[in-house]
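Here's a quick tour for anyone meeting this structure for the first time. Have a look at it, and then we'll walk through the ligand's surroundings and the nonpolar core.

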Amino acid sequence: MKPPPFEYAVAESLEHAIGLVETDEDAKFIAGGQSLIPLLSLRFASPTLLVDISRIAELRTVQNLDGTLTIGALTRHADIEHSPVVRDAVPLLSSAASWVAHPQIRNRGTFGGAVAHADSAAEFPAVLLATEATVVTLSREGERRIAGVDFFGSHFQTALKHGELVVAVEVPAANELTRWGFSEFARRTGDYAIGGAAVSATVDMQGRCTSVRAGLIAAGPGPTLAEGLEAELVGRHVDESAVQTAVALAANLLAPEANVHGSKEYRRAVVAESLRRALLQAFDLAGADIERRSA
Ligand SMILES: Cc1cc2nc3c(=O)[nH]c(=O)nc-3n(C[C@H](O)[C@H](O)[C@H](O)COP(=O)(O)OP(=O)(O)OC[C@H]3O[C@@H](n4cnc5c(N)ncnc54)[C@H](O)[C@@H]3O)c2cc1C
């Protein structure tokens with residue numbers, strides 16, 4: 001199928017982009033086009049105007065300053081995957097980036113686009129939930145800073161209003177007490193996840209867990225924060241049995257949707273196993289070196 005007809009305008013600056021989108025209530029921003037163009041071709045979206053933001057150079061920056069990694073919205077997935085700055089500051093993010101689609105898509109898709117698209121099966125929203133990241137937006141009303149948990153909603157919904165642009169995401173940088181793990185199941189390398197989990201935790205000098213959060217992939221109608229982990233894991237030296245109990249509690253609270261990849265029960269089991277593996281990896285426990293790329 002071909003996309004429905006639309007007007008196209010190239011934005012030269014942030015103000016220009018916001019001004020252009022405001023002229024038409026059915027206008028949409030386009031960045032890498034890796035989600036929007038397929039949606040247009042399938043006629044799942046029919047904007048009357050596309051405002052291309054891909055030439056706004058100030059949105060393509062990555063910097064680690066005062067314990068915060070700031071990623072500009074136009075940073076490509078491939079930049080995140082290969083950036084030494086990202087790997088040093090938030091290795092969980094570099095690891096997750098290598099799971100996003102194929103190299104061709106990672107070369108064009110943007111971080112801001114993936115965040116605004118808010119697919120439940122996408123890797124970056126899960127990492128944002130695990131790391132307590134903040135989404136920075138700009139609109140005619142000014143800047144907003146929105147915590148990941150408040151940003152993502154159900155079925156591709158976000159806190160973004162019409163004319164509001166994601167400009168950056170701020171992620172707390174890891175330190176020597178940070179632990180992380182990532183695990184995902186997909187049928188083939190590059191496919192969307194059937195289930196997955198991104199874990200970020202901290203420990204004290206004695207190795208006891210002081211905080212733990214997990215963003216779950218394809219676990220519900222939107223990006224999902226795992227519930228119940230802290231009650232089971234914080235304040236102790238985490239072992240395999242504690243991980244098992246915590247995963248069982250968290251999985252019980254999930255309601256993944258059945259689809260072509262499997263029933264609700266199957267999908268819950270896949271997410272639970274991903275969470276178990278990501279937690280084992282984070283806390284450096286036996287079994288953490290299991291094959292991570294197989295379905
Ligand atoms: C075959 C295939 C496989 C894929 N597999 C995966 C996968 O495994 N994991 C995964 O996470 N993704 C996957 N993707 C999606 C890909 O990562 C996209 O690049 C990403 O979701 C969107 O980024 P984009 O820059 O291409 O956004 P676009 O397609 O340009 O835009 C997507 C949406 O975000 C809005 N938008 C874009 N930028 C902004 C902004 N700065 N502020 C506000 N709104 C904005 C647009 O209006 C649109 O609604 C896949 C895509 C394809 C085609």
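## Around the ligand

Helix H7 gives the most to the shell around the ligand, with four residues. Helices here are DSSP runs (H or I, at least four residues) and strands likewise (E, at least two), numbered from the N terminus. This is a predicted model, where local features need pLDDT of at least 70, side-chain atom pairs count only at pLDDT 80 or more, and totals for chains, interfaces and linings use all residues. Residues are numbered from 1 along each chain as its sequence is written, and side-chain values use heavy atoms, with hydrogens and water left out.

The shell holds 30 residues, and Phe-29, Gln-34, Leu-36, Thr-110 and Glu-123 come nearest; being near takes a heavy atom within 4 Å.

## Polar contacts

Now for the polar contacts (pairs of N or O atoms within 3.5 Å). A side-chain N or O atom of Glu-123 sits 2.8 Å from a ligand nitrogen. His-77 puts a polar side-chain atom 3.0 Å from a ligand oxygen, while Ala-114 uses a backbone N or O atom, 3.5 Å from an oxygen of the ligand.

## The nonpolar core

The largest nonpolar core has 38 residues, and Leu-69, Ile-80 and Phe-111 are among those with the most contacts inside it. Such a core joins buried nonpolar residues (under 20% relative accessible area, 1.4 Å probe, protein chains only) through side-chain atoms within 4.5 Å. Helix H8 (123-131) is one of the elements giving two or more residues to this core, and H8 has the largest share, six residues.

Methods: A polar contact is a pair of N or O atoms within 3.5 Å; within protein, one must be able to donate a hydrogen and the other to accept it, and residues adjacent in sequence count only if both atoms are side-chain atoms. Buried means under 20% relative accessible area, exposed over 50%, partly exposed in between (1.4 Å probe, protein chains only).
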